[in-house]
Amino acid sequence: DIPKGPDSRGDGAGPRRGSHCDRRCSTIDDDLGDLGCHLARPRGPTGMPTPPCCPQHSEEVCESCTLRTTLTAENVVEANKLSNNYKFGFKKWKSHVTARPWEDRSEIVKELYADLTVVRGPAGSTLTCGNVLYLLLFGWWLSLLHGLVAAMMFLTVVGAPHGRLCWDLAGYFLWPFSKVIQRVEVPKCPEDGTGESSALLGGPGPRRWCPRCWEGTGHWERVGTAAWLCLGFPVLALAHGLVCVTAWLLIVTIPVAKLSARSATCVLLLPPQLLRVRTLRMTEVPPQGEVILCCSRAANPYYYKYSVHGINVFAVNLLPLVLVTLVLGYVDSHNHVSGSTLKFSLALLSIMPLSYYIGMAIARLSTFAVGAVVNATFGSITELTFYISALLKGSREGSACYAEVVKSALTGTLVGCVLFVPGLCMVIGGIRHQEQRFNSRSAGVTSALLFLSVGGVFAPTLFSKVYGKLVCGECHNVTRNLLGHYLCHNCHFDVMDSNGTLYYSHVQPLVYTVSLLLPAAYLIGLCFTLKTHSHIYDIHISGCHMPGHHHSAEVHWSRWHALVILLLSTLCMSACADLATEHISPILTNSTVSQYFIGVTVLAMVPELPEIVNGIQFALQNNLSLSIEIGNCIAVQVCMLQIPILVLFTIFYPTNFTLVFSDLHVYASMFSVVLMNYIFMDGKCDYFQGTVLVMVYFILLAVYFFAPSPSGC
């Protein structure tokens, strides 16, 4: 909802004969416009055509047009984050890490954060779907409850003022959308000498009974307030608290949550003689009056954009799930309250908000000096905690099934980030934009690293198939002839032989060599893209800011705040991963599908859901380069960082994990990488190519679904 910046193209009068290079620059300028970015090209004088982006007018596309990107940001912190998004090795983060100026927000977003004390003019009928939903879910029983409390307060006599307030609130909460609650000044009661004169007695008449005077007497007011706080207020506060929590969890009904929260903390605690419930069309707020509650609509579909201290509302709502998971998992360790299936599901769901908090903390801590180091250290912490916990459990139980599940999860992450993540982003982004372009050279760097990493990871597997010994479970003579054909089942290449000479003398040294070379290649890639050849991104921070933008930045999280959240989220992530592996055994043993399928889907893609959401948001803004880089960078980290770390872990703590994968993992990974590089060869794509990638991914999932269980499971 950032207002678009001024058009950077020339405004020369009359037709102009531009080269293909100029038209390409114009196309890229339009593509980057949705991000608030534009290409910095010199503008000619008024009435003169805009000079071309390159001196020669040819039909070739100049390289500088496709690479130069000038970013426009509100402040230095946001500019640094946007710049790091395009660089290899940095966390790609869509959301803001600083608070945006209020004047730069759209009217839709301003309405989300509007106070309930603002009286809005009539905006149409109040009979909307959201308001009717409020009536069906909350309004009728809230009104009934206030009516019952009003009757109870009338029975106490001293609580009659609060009873009248509850009776008025019963009508208000039944349908609050055309009414307001005001705080008014109570006029003073007449004194004894100012009463009406009696014509019969010739003096001041007897003083009339005034309810306001009786309510204001100190003793009875304190007694009535005590009765209200003991009998009426707890019931209504509990009801409004329940409504507040329920409406907040539904997200689209957050206005109802604000309404209930303000009612419980403000309206019900004020003296009843100061409150008036009036209809909106008849209300004229006096100068001494104050509107304390006014709600015009119960639901707003745009509340998915709502954030609390920079944290998206979905991540806020899922945070209590983490606490429930940890308490239920460690307190009920013997499954007396719930089973292993529920605990496993809760542990996986808890990984999603924790991944969001880790990602936001990394984005906040990322600077040019430490951003790549922080992302390499904590960017894969979600997956590594689960993999190491699974390997430890398999080692304790002496089962090779957990090692196979970890290999399936590694392969599933690789295949999903290469095919599914960019394919889904291309499909969703292609629906809004007919054709999307991206920096093919920067994408080529990660593609080359991906080729190198896949070749290095599967080199021990190919080596074992060349020099290993084929061992079969059972063989049957089909022709009943000693020299005839045999039908064998459960065949695999055995690298251990009788004494493991082939593995320990040849395969294991190869694994250690590959595990050293892959991180070295990752460091060389960082040096290439961030230091020696950083011009392939050619990112510049524009000196002109949009109207209303300020150079000062009010960050959501300070660096120490982000560091503490990062460490706490990592600790909770480790606990959830431990619970997931502790209760995965029934899933593996009692499942009707292959363990391969469980590994490549649930265990591989659930931790990557925040990254998928980021990629979709970038694609919708016509910035497919970042959508592609998200998937490629995760795949590169899987091969060049996660797998070498697992190999290093097995050196100090021996497990059943070996860098020898099944044929299915090898073929699926290599085919995915080759297809991805073929699709991204020309630097442009559309929804059809994205559909091809997604369909191939689902075909591979079908293969894993019908595949037999791996050995050891």
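**Exercise 1. Classify tyrosine 113 by its accessibility.**

Tyrosine 113 has 24% relative accessibility. Buried means under 20% relative accessible area, exposed over 50%, and partly exposed in between (1.4 Å probe, protein chains only). Tyrosine 113 therefore counts as partly exposed.

The model is predicted: local features need pLDDT of at least 70, side-chain atom pairs count only at pLDDT 80 or more, and totals for chains, interfaces and linings use all residues. Residues are numbered from 1 along each chain as its sequence is written, and side-chain values use heavy atoms, with hydrogens and water left out.

**Exercise 2. Is tyrosine 306 buried or exposed?**

Its relative accessible area is 10%. So tyrosine 306 is buried.

**Exercise 3. Classify the ring pair of tyrosine 113 and tyrosine 306.**

Start with the count: the structure holds 18 aromatic pairs. Rings of Phe, Tyr and Trp (its six-membered ring) pair if their centres lie within 6.5 Å; planes under 30 degrees apart are stacked, over 60 edge-to-face, the rest tilted. The centres of tyrosine 113 and tyrosine 306 are 4.7 Å apart. Their planes meet at 20°, so the pair is stacked.

Next, locate the partners. Tyrosine 113 sits in the loop between α4 (107–112) and α5 (129–155). Tyrosine 306 sits in the loop between β5 (290–294) and β6 (307–308). Helices (H or I, at least four residues) and strands (E, at least two) are DSSP runs, numbered from the N terminus.
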